[in-house]
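Student: Could you take me through one part of this model closely, beginning with a single helix and what covers it, and then following the chain into the sheet beside it?

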Amino acid sequence: MATTLLNETVTAGLQQVDWNFPRSTTLRDSIHSLHWFPGNFIPDIPGYLVQLLSTKDMLVADPFCGSGTTGVEAFRLGRRAWMSDVNRAALLIAAGKLAIFKNGNITGELIKFAMSISRELPFRSLCQPLEEIGTCLELSGWFHADTLSQLQSIWTQIESVGCAETRAALTMVFSDTLFACASTLHSKTSTGGTRRHHWGWIADNVKPDPPVWHNAERIFRERLNKAIEISSRIDRPLAAVPLVQFEDCRSLSLGSDSVDLV
């Protein structure tokens, strides 16, 4: 009888949802807005399903986690979250989001890092070969030489950060900066609109021709300031720390009968 009533409650809950979620979107001040990712869905969808199909402290698993929308929403709602994917770029983003959620001191750490970045990052000497500054020659096809020099300086500073969670959040911000710095200027979509992202170019290995100079320091700082602002307003849950794994769904490390919701 209890199972029947539960099934009826779940069915009723699913039937009354407008799955178009009118007027819903990933808000600009949401943690999910910190890094663009192709094909992700609005947080409302996993958020609603997690609340309907699980209770607090249950384990929610997402073996195709992408940028971590489901896992972050599950964690925010007090569930235990387990995420995996074989896309390392996606895991980088998911780990960065969760780092901001997990560490109550991270806002101060990000502010400290922002203050430590010089506003006049060095440009590469035009006569200095890329190999002499320890940069992969392949990157010269994606980034203007002076932009690349700024990026290298920022990355060197990120690598020196001791706290793993702060470093994960900064790496996510840096990744989003890389996409912006690899773009051409005023590029259009197939319908004539202004292209807002450049994931497709990178995934298809379509390099900007020629690489355009971008102020990497300014772009990184803008994104870092946004992360600081969002981090400062987050209500951090008390749920167990989520796991983000690089795993193939055909051979997961999860134990049998250990998951409450997939």
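Tutor: In helix H2 (residues 44-53), the residues Ile-45, Pro-46, Gly-47 and Val-50 are buried, where buried means under 20% relative accessible area, exposed means over 50%, and partly exposed lies in between (1.4 Å probe, protein chains only). Helices (H or I, at least four residues) and strands (E, at least two) are DSSP runs, numbered from the N terminus. This is a predicted model, in which local features need pLDDT of at least 70 and side-chain atom pairs count only at pLDDT 80 or more, while totals for chains, interfaces and linings use all residues. Residues are numbered from 1 along each chain as its sequence is written, and side-chain values use heavy atoms, with hydrogens and water left out.

The cover over the buried residues of H2 includes E1 and H3. From helix H3 comes Glu-73, which touches His-32, Pro-43, Pro-46 and Gly-47, residues up to four places away in sequence not being counted; contact here means heavy atoms within 4.5 Å. Glu-73 is itself buried, with a relative accessible area of 6%.

Between H2 and E1 there is a loop, and Asp-57 has its place in that loop. Asp-57 has a positive phi of about 75° although it is not a glycine, and this residue is exposed, with a relative accessible area of 54%.

Three strands form an open sheet in the order E1-E2-E3, and the pairing is parallel; two strands pair if DSSP finds at least two bridges between them. Strand E1 (59-62) and strand E3 (243-246) stand at the edges, each with a single partner strand, so one side of each is left without a neighbour in the sheet. Neighbouring strands of this sheet are turned by 15° against each other on average, direction ignored, the axes being lines fitted to C-alpha atoms, for helices over the stretch in contact, and angles running from 0 to 180 degrees between N-to-C directions.

Taking the pairs in turn, E1 and strand E2 (residues 80-85) pair in the parallel sense over four bridges, with Met-83 in E2 as the bridge partner of Asp-62. Helix H3 (residues 69-76) packs on the sheet and touches E1 and E2, its direction making about 170° with that of E2. Val-60 stands opposite Ala-81 in E2. The chain crosses from E1 through H3 to E2, and this β-α-β crossover is right-handed, a term used if, with the strands pointing away from the viewer, the path from the first strand over the helix to the second runs clockwise.

Strand E2 is mostly covered, as five of its six residues are buried. E2 and E3 also pair in the parallel sense over four bridges, and the bridge partner of Asp-85 in E3 is Phe-246. Helix H4 (residues 88-102) lies across E2 and E3, running at about 165° to E3.

In the segment after E3 is Asp-257, where phi is near 55°, a positive value in a residue other than glycine. Asp-257 is exposed, with a relative accessible area of 83%.
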